[in-house]
Amino acid sequence: VGPASGRTRREGERQELRDLVGKNLLAIAQLDGVDLDLYRERVLPRILEQVVNCKDELAQPYLLDVLIQVFPDEYHLATFTEVFATLTMLRPSVRVGSILNALLGRLLTYAEETPKAKVEFEAANVFPKSFECCRAVIEAHDDVPAKEIIGMYAALMAFAKKLQITDAGTLDDILLALAESLESKVPIVDADAVKQLTVLLTDPLETCDVSKVLTLNSFPKVMELLEHTSKREIALGIVQTLVKNRSTLTSTAQVNVLYKFIDCVIRAPEEENAAIASGSFIEDKQTAARLAEEQTIVARVVHLFKAPGDDYEIQLQMLNQAYDILMAGGARRGGGAPPPPEPFGSP
């Protein structure tokens, strides 16, 4: 009873102290004399020093959260690098992802509400520095959960989108960095993390031209982090998004890349092929119905083919390529293939 009651008392005292410090920070933020220069030169350095030196895994995130919430957005824009640097010095058990996301969220709000924000962000190199901070924080804290890592890069993607940084190189860099950061945590099975990852992968299809997305080498690498069921759901989501947006594929190269993106719903898993080869494969009605639904979705891809200038030769090449790829997926998945194409003009 003694040790337990003592621990409860200490935790209560820590909570009271955090509340007191939080109220003091709020009072400081509301003082008329605390302008940006005073905040940057005196207030913030003292607060960050206390955060690092207290070495308390509960107090550190609390104080930073209060700091982020009570001071104005423009103050954070001017000093975000100092806060970023502090995140790498926190206790290993502190969930830094939520803190980083909160700060990025404030900066994103500022970008949405302030017409001149894009120019200010470019001048301050906010996006490149935020990107580097994500990587540095993850390297400094090996135990950052997959969900937090995905949340960080999702915030970065939203940042890039708001600042109209949507070139293929930047999108690829974000997703490649995400894949590298998650390599030690495969397969990703947490339901919330998978949901976040699905949104992260399908969002570029909603906002960018399909030709740009199909140049991203990172897409298959991120999908490889997932177990088969989640990978399959994302692949089908990609097809459905492309169909919904009436996207078009205009070359055999694009056809080939897209089918690589959704390879998991085209080719049978190795264990399935082995079972079929040995004669031990058994399929229930539910599995058969799911597979039929999948192949119906996959079959819609051929409706996206549109050769430039209605060039029938290119159209035929794309259909031939689709047929070869889909038929190589195995007997149970050949239903997603179009009929064998014939040369145009043949009898």
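User: In this predicted model, what share of the contacts between residues at least 6 apart in sequence joins residues at least 24 apart?

Analyst: The model is predicted. The contacts considered are those in the protein chain between residues at least 6 apart in sequence. Of these, the share joining residues at least 24 apart is 76%.

User: Is the protein chain compact or spread out, and what is its radius of gyration?

Analyst: The protein chain holds 17 helices and zero strands. For 347 residues the globule rule gives 20 Å, and the chain lies well over that value, so it is more spread out than a compact globule. Along the principal axes, its C-alpha atoms fill a box of roughly 85 × 55 × 25 Å. The radius of gyration is 26 Å.

User: How many disulfides are there?

Analyst: A disulfide requires cysteine sulfur atoms within 2.5 Å. For Cys134, which is buried with a relative accessible area of 0%, the closest cysteine sulfur is that of Cys133 at 6.0 Å, too far for a bond. By this rule, the number of disulfides is zero.

User: Is Thr248 buried, exposed or partly exposed?

Analyst: Thr248 sits in the loop between helix H13 (228–244) and helix H14 (252–261). Buried means under 20% relative accessible area and exposed means over 50%. Because its relative accessibility is 33%, Thr248 counts as partly exposed.

User: Which residues does Thr248 contact, leaving aside its neighbours within four places in sequence?

Analyst: Ile297, 49 residues away along the chain, has its C-alpha atom 16 Å from that of Thr248. With neighbours within four places set aside, the contacts of Thr248 are Val210, Gln254, Leu304 and Lys306.

Conventions. Residues numbered from 1 in each chain as written. Predicted model: local features only at pLDDT ≥ 70, side-chain atom pairs only at ≥ 80, totals over all residues. Heavy atoms only, no water. Helix = DSSP H or I, 4+ residues; strand = E, 2+ residues; numbered from the N terminus. Buried < 20%, exposed > 50% of the residue type's maximum accessible area, 1.4 Å probe, protein only. Contact = heavy atoms within 4.5 Å. Rg over C-alpha atoms; globule rule 2.2 N^0.38 Å.
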